[in-house]
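Please look over the model shown here before reading on. The paragraphs after it go through selected elements in turn.

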Amino acid sequence: MTQTDGATRARRMRPGTRKAVLAAHIVGSVGWIGVSASMVVLSLVGLATEHPGIRAGTYHGLAVLDETVMGIAALLSLVTGVWLALGTPFGLIRHWWVVVKQILFTLVMIGAFGFTHGWVLGGLDEALRTGQPTGDGRALAFGAPVMLILLIATAVVSVYKPGGRTPRGRRQVSRSSGTREVTVTEVRPLAEDVVGLTLADRKGGELPAWEPGAHVDLVLPSGLVRQYSLCGDPADRTSYQVAVLLERDGRGGSREIHRLRPGQRIGVRGPRNNFPLVDAPAYLFVAGGIGVTPLLPMIREVAARGLPWRLAYLGRSPRTMAFAADLRASAGVRLYPKDAGRRADLAELVRTAPPATHVYACGPHRLMDALERMVPAERLHVEHFAAAADTAPKRPFTAELARTGATVAVPAGRTLLDAVREYAPGLEASCENGVCGTCRITVLRGTPEHRDSVLQPAERGRTDVVYACVSRSKSQRLVLDV
Ligand code: FES
């Protein structure tokens, strides 16, 4: 049997069937745990009581539970568990935690049917004949709690799914893959609806080095992960600075960040740089709103090198434009607040820039799109702070995972990331909307269809990489280094 077979089987279980089988599995398993807990209590009562009638009654009760509800619940849990394993991507041996679950389950079954049943009948027999505690009764009082503990452990593994497949499992994987705990040392208003955070290592150590253009993932107390550009000084290894715009209609990450207070701890992953500063004779920086943040360290660096630069900073109003007050004093900066009626003539800015100027821009998509029409791709570097609307039709294709030989179908309604994670649950991802670059996979064969906002305009023909959360394949088959 190959893993391709597994994927084929996985598609056989319809979502409705899967829900029904899962519900039956939960009912069977919870019922089994409940009956086992009752049997633990009865076995202890049977052993401890001095009253022969109560002892006989408890063993009667144990026998009834053991021969009726227990068997039905165990059978239901077993059949539905195997059905789910075979009918879903989990499989029977594909993930280590499924194998652990099976071992625990097997131990419980051996205990329940190999020992407990005999102990119950032996205890009942002795209780009816002599009214005294017996060896079987003592064995049951010891064995029943052990069975219960194994059963609960099986359920915990089943629900928790360590190492992936659940948000919690993925958080665990990501923690083990480099999330650093930092303390929020300062929260300060930078503009209307914009706060600046200063983050320092929890133990006062140095933070990883970074270069202009880099961003970090903030892992918030709720588990949400959001990406923000670093806007401080790369030479300062004691802290990171980020600026966060409150998005009232967003998915909640910026609201949570705006509620953070000094002293709170959060996680940081990275830094990662999809927007590096390349050598050029001159630079034109174009910022749209909060998109100014990755450009600030670049401007400092370029100014320190003594190279010519200009910044066009577009915003709604001076009130909403973070860092505008500081930037205003610089000769190379021009602010374009919309409410003051100042519109940037981008074409003019590009046209009057020195020859071979490289343009760095960060802001909303329409600003980036306008620049893409004016600046040659090899001199344009953009960073989007939101995903582009993806309305292009999605075609199904097949992904082949070269390291395992597994082949997985990627239907139109599914992402490549989701499909690959069936076989590589620890595959890292963060934004899952094509902005952060975390889910990058090396492509060995085939032609990716890039739908991400990470690749630069000059890189969109690349066939060696794919950002699996949003990108797809132009070729029928994509061979990945996974
Ligand atoms: Fe962020 Fe894919 S997870 S680009």
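**An enclosed edge strand and its sheet**

Strand β13 is largely enclosed by the rest of the structure, because four of its five residues are buried. Buried here means under 20% relative accessible area, exposed means over 50%, and partly exposed lies in between, with a 1.4 Å probe and protein chains only. Strands (E, at least two residues) and helices (H or I, at least four) are DSSP runs, numbered from the N terminus.

This is a predicted model, in which local features need pLDDT of at least 70 and side-chain atom pairs count only at pLDDT 80 or more, while totals for chains, interfaces and linings use all residues. Residues are numbered from 1 along each chain as its sequence is written, and side-chain values use heavy atoms, with hydrogens and water left out.

β13 belongs to an open sheet of five strands with mixed pairing, in the order β13-β12-β18-β14-β16. Its edge strands, each pairing on one side only, are β13 (406-410) and β16 (465-467). From one strand to the next the twist averages 40°, an angle between N-to-C directions that runs from 0 to 180 degrees, with axes as lines fitted to C-alpha atoms. Two strands pair if DSSP finds at least two bridges between them.

The hairpin of β12 and β13 has four residues between the strands, and Gly405 takes a positive phi near 80° in it. Ile441 has Val466 in β16 as its bridge partner. In a regular strand, side chains alternate between the two faces of the sheet.

Another strand, β9 (residues 333-337), contains Pro337. Why does Pro337 count as buried? Its relative accessible area is 7%. The C-alpha atoms of Pro337 and Pro318 are 5.9 Å apart, although the two residues are 19 apart in sequence.

A UniProt record, from an unreviewed entry, places the feature "transmembrane region" at residues 21-48, 68-86, 98-120 and 140-160. UniProt positions follow the numbering used here, feature names are shortened, and annotations may be inferred rather than shown by experiment. In the model, residues 68-86 are 95% helix and 0% strand, with end C-alpha atoms 27 Å apart. Residues 140-160 are 100% helix and 0% strand, and their end C-alpha atoms lie 30 Å apart.

Helix α5 (residues 96-129) has 34 residues and should span 50 Å at 1.5 Å a residue, which agrees with the 48 Å between its end C-alpha atoms. The expected span is 1.5 Å times one less than the number of residues. A kink of about 35° in α5 is centred on Thr116; the bend at a residue is the angle between axes fitted to the seven residues ending there and the seven starting there. Gly131, which follows α5, has a positive phi near 75°.

Arg55 lies in helix α3 (residues 52-67) and counts as buried because its relative accessibility is 3%. Its side chain reaches the backbone oxygen of Thr49 at 2.2 Å. Thr58 is also found in α3 and is buried at 7% relative accessible area. The side chain of Thr58 reaches the backbone oxygen of Arg55 at 2.7 Å. Arg55 and Leu296 are 241 residues apart along the chain, with 79 Å between their C-alpha atoms.

Definitions and conventions. A polar contact is a pair of N or O atoms within 3.5 Å; within protein, one must be able to donate a hydrogen and the other to accept it, and residues adjacent in sequence count only if both atoms are side-chain atoms.
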